[in-house]
Amino acid sequence: MGMLDGKTAIVTGGGQGVGRGIALALAAEGAGVTVAARTESKVQAVAAEIAERGGSALALVCDVNELDDIQACVDRTVEHFGTVDILVNNAQQVPHGHLLEVSDEACMAAWTSGALASIRFMRLCHPYLKDGGMIINQGSGSSLKTDPSGMGVYAGVKSAIQSITRAAAMEWGADGIRAITLMPVAMSPAMEDWKGFNPDGFAALQERFALKRVGDAEIDIGRVVAFLCSDTAGYITGTTINIDGGDAYLR
């Protein structure tokens, strides 16, 4: 028996990294999982991995910048599994650069794929999430940095997501819906690339953490998400949880 038997989850950006880890962990606890992302081969691979482990998954190509894709993702999930109990808004385009360097197009892509996509998914899933549903929105420790130089737009979008999550927790708590912002640090394809390119920088990053390592997306992040989505965590809402090896408040 799993903590999430009979539940259905949507995980955006589920084709790799933290999204993949969360999808695998939710499925391991019995949830049916819609793995949604832009790249078909990646979502198919994660869905196949879940199936090989004995779980149930639906692979969907979804560009969270497009409202029609978001609507189709929710509709297909309900058609396939019957409802939505857990929504994990993980997808996000990341704008790199200082404020004078980031283009309007990059700013809009960050906002649309992050905060706006989260709101859209939350609204469309709201009728199904009533009476026990859970929303996990991805924040970032960058929004806590005293000096977010070079990542101000990204940190700003993540700060907006954090505020939206708190609003949902308050406005929808009476509907039986919980909402939490997560600030994770875990290995991902981008992190692996950076480790190979700059091993000294990666080593310095790990040394900064209390636990002296970067987290595993499934074991360290996904399993915490599975717990937060379970009935055992039913009195936790409206907060931000750092799963970062002790990094955020050691700065």
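Which residues are buried in H8? Select helix H8, residues 217-228, in this predicted model, where local features need pLDDT of at least 70, side-chain atom pairs count only at pLDDT 80 or more, and totals for chains, interfaces and linings use all residues. Residues are numbered from 1 along each chain as its sequence is written, and side-chain values use heavy atoms, with hydrogens and water left out.

Helices are DSSP runs of H or I of at least four residues, and strands are runs of E of at least two, numbered from the N terminus. The buried residues of H8 are Ala-217, Glu-218, Asp-220, Ile-221, Gly-222, Val-225, Ala-226 and Leu-228; buried means under 20% relative accessible area with a 1.4 Å probe, protein chains only. Their cover includes H1 and the strands S5 (134-138), S6 (178-184) and S7 (240-243).

Next, display Asp-216, which caps the N-terminal end of H8 with a side-chain oxygen 3.1 Å from the backbone nitrogen of Glu-218.

Now select Leu-24, in helix H1 (residues 17-28). Leu-24 counts as buried because its relative accessibility is 1%. Setting aside residues up to four places away in sequence, Leu-24 touches Glu-49, Ile-50, Arg-53 and Glu-218, where contact means heavy atoms within 4.5 Å.

Arg-20, Ala-23, Leu-24 and Ala-27 of H1 make the contact with Val-46, Glu-49 and Ile-50 of H2.

Methods
Buried < 20%, exposed > 50% of the residue type's maximum accessible area, 1.4 Å probe, protein only. Expected span 1.5 Å × (residues − 1). Polar contact = N/O pair within 3.5 Å; in protein donor to acceptor, adjacent residues only side chain to side chain.
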